[in-house]
Amino acid sequence: MDLILPTGESYAHPKLCFFHVVFKAAALAFYILSALFFDSFVIIFVTTVLLAALDFWVVKNVSGRILVGLRWWNEINDEGESVWKFECLDQESLARMNKKDSWLFWWTLYLTALSWIVLGIFSLIRFEADYLLVVGVCLTLSIANIVGFTRCRKDAKKQFQAFASQTIASRFSSTIQSAFSIV
Amino acid sequence: MSHGDTIPLHSTSQSDIDEIENLIHSTLQSGPATVLPARPPSPPRIPVSSSPFIPSNLPPPPPVSHHKPTPVPAAAAAPPPPPQGSGGSGQQQGIGATGFGSPPNTLTEPVWDTVKRDLSRIVSNLKLVVFPNPYREDPGKALRDWDLWGPFFFIVFLGLVLSWSASVKKSEVFAVAFALLAAGAVILTLNVLLLGGHIIFFQSLSLLGYCLVPLDIGALVCMLYDNVILKVIVVCVTLAWSSWAAYPFMSTAVNPKRKALALYPVLLMYVSVGFLIVAID
């Protein structure tokens, strides 16, 4: 992940990037602007939380897979324990991923969480407990996605290292075997 | 794109899961353990949510014969991983360059399939929790495919109904109801965990959310008919139903001496929600 927007290539999946951003932006915008139009807290709550939940679903299931090639989920195995599963594409496909896509993916994730934190601080200052509830729910969803994908990425890196060392070891042993067979 | 399906999919426990699932498949089906086709079957495999033994979000079995010996299968198809019970099944039709499945023509198509699948999951979880069925006694198996969408909708629905029934202070009623139910579910789960019980956090949250469905129905009835006696009767019935639904999961999770300690707060929470429903006017 780099700090500068990589130029020189366009988005590989522009529609998906749009959807990735639009639900987040809609939730934030609705929350901020709704106080001007709607009197009822219930509508604000339900709509904002619904948009945030839709965004969570889109990021977790669609844009995570396609933009950065990562997936995470939870399963309950036969012993009744919960197991977190992480999955990623292999290294060549990952290297081929569009840099701009993944830049957008990660940065919007972080920025959304940051915005919700800022909005939460505002509502704390104003002692609006019910708006804090909305912010709390949306923040939980954003952070869940961030944590899930970050762990997935770390797991992927660990896997690649293990795989690389395993490949080197196996190649080493096979060359030694072939050397002995020739002799 | 014939090269598309040779891109290996690198996953953590995928091969183990596939192995186990193939064993289960071969015992459940009468046919021999087949050599699976190199290509995933063209209709996307619908997750088997009716079987309690196979979690519905297992990926379709890749060709085991290719997969296991080497971490880089030479000619194995890369099965597009199914998303966790969701994510376009339409996206799994083709195998694109990413190895995950080609993006669909429109984003709306797979969304609908996904929504359908999630909805069916919610319905099946609902049936398992709220209605009598043989798997109730085993909490691990009963709510295997927990999901939080169902509980989310039911809690919001209850809050909305209570808010509509209230003639004043609608927003406060909604906020209080939502916060009470959400925080209550979390605290009840923590209670069981602290009593030394064996439950999974999210599974228990999911369960407590689904057990609210009878109270949802009760609240709806109370909103429509204003007779106090009818309200009390309806609330009592639905309260008993909710408690009956929650009982086996909670009680089997802790050791028998502490059963009452685990169950009493659950009962208390449902009684307070019942009071809220009756008292709203």
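Is Phe45(A) buried or exposed, and what is its relative accessible area? Phe45(A) is buried, at 0%; buried stands for under 20% relative accessible area, exposed for over 50%, and partly exposed for what lies in between, with a 1.4 Å probe and protein chains only.

This is a predicted model, in which local features need pLDDT of at least 70 and side-chain atom pairs count only at pLDDT 80 or more, while totals for chains, interfaces and linings use all residues. Residues are numbered from 1 along each chain as its sequence is written, chains are lettered from A in the order in which they are written, and side-chain values use heavy atoms, without hydrogens and water.

A pair of aromatic rings is described by the distance of the centres and the angle of the planes. Rings of Phe, Tyr and Trp (its six-membered ring) pair if their centres lie within 6.5 Å; planes under 30 degrees apart are stacked, over 60 edge-to-face, and the rest tilted. By this rule there are 20 aromatic pairs over all chains. One of them is edge-to-face, between Phe45(A) and Phe174(B), with 5.1 Å from centre to centre and 70° between the planes. Phe174(B) is also buried, at 0%.

Phe201(B) and Phe202(B) form another edge-to-face pair, at 5.4 Å and 80°. Phe201(B) is partly exposed at 28%, and Phe202(B) is partly exposed at 27%. Both belong to a cluster linked by ring pairs, whose members include Trp72(A) and Trp106(A).

Charges also sit over rings (NZ of Lys or CZ of Arg within 6 Å of the ring centre and within 35 degrees of the ring normal). Lys60(A) lies over the face of Trp72(A), 4.7 Å from the ring centre. Arg153(A) has its charged end over the ring of Trp106(A), at 4.3 Å from the centre.
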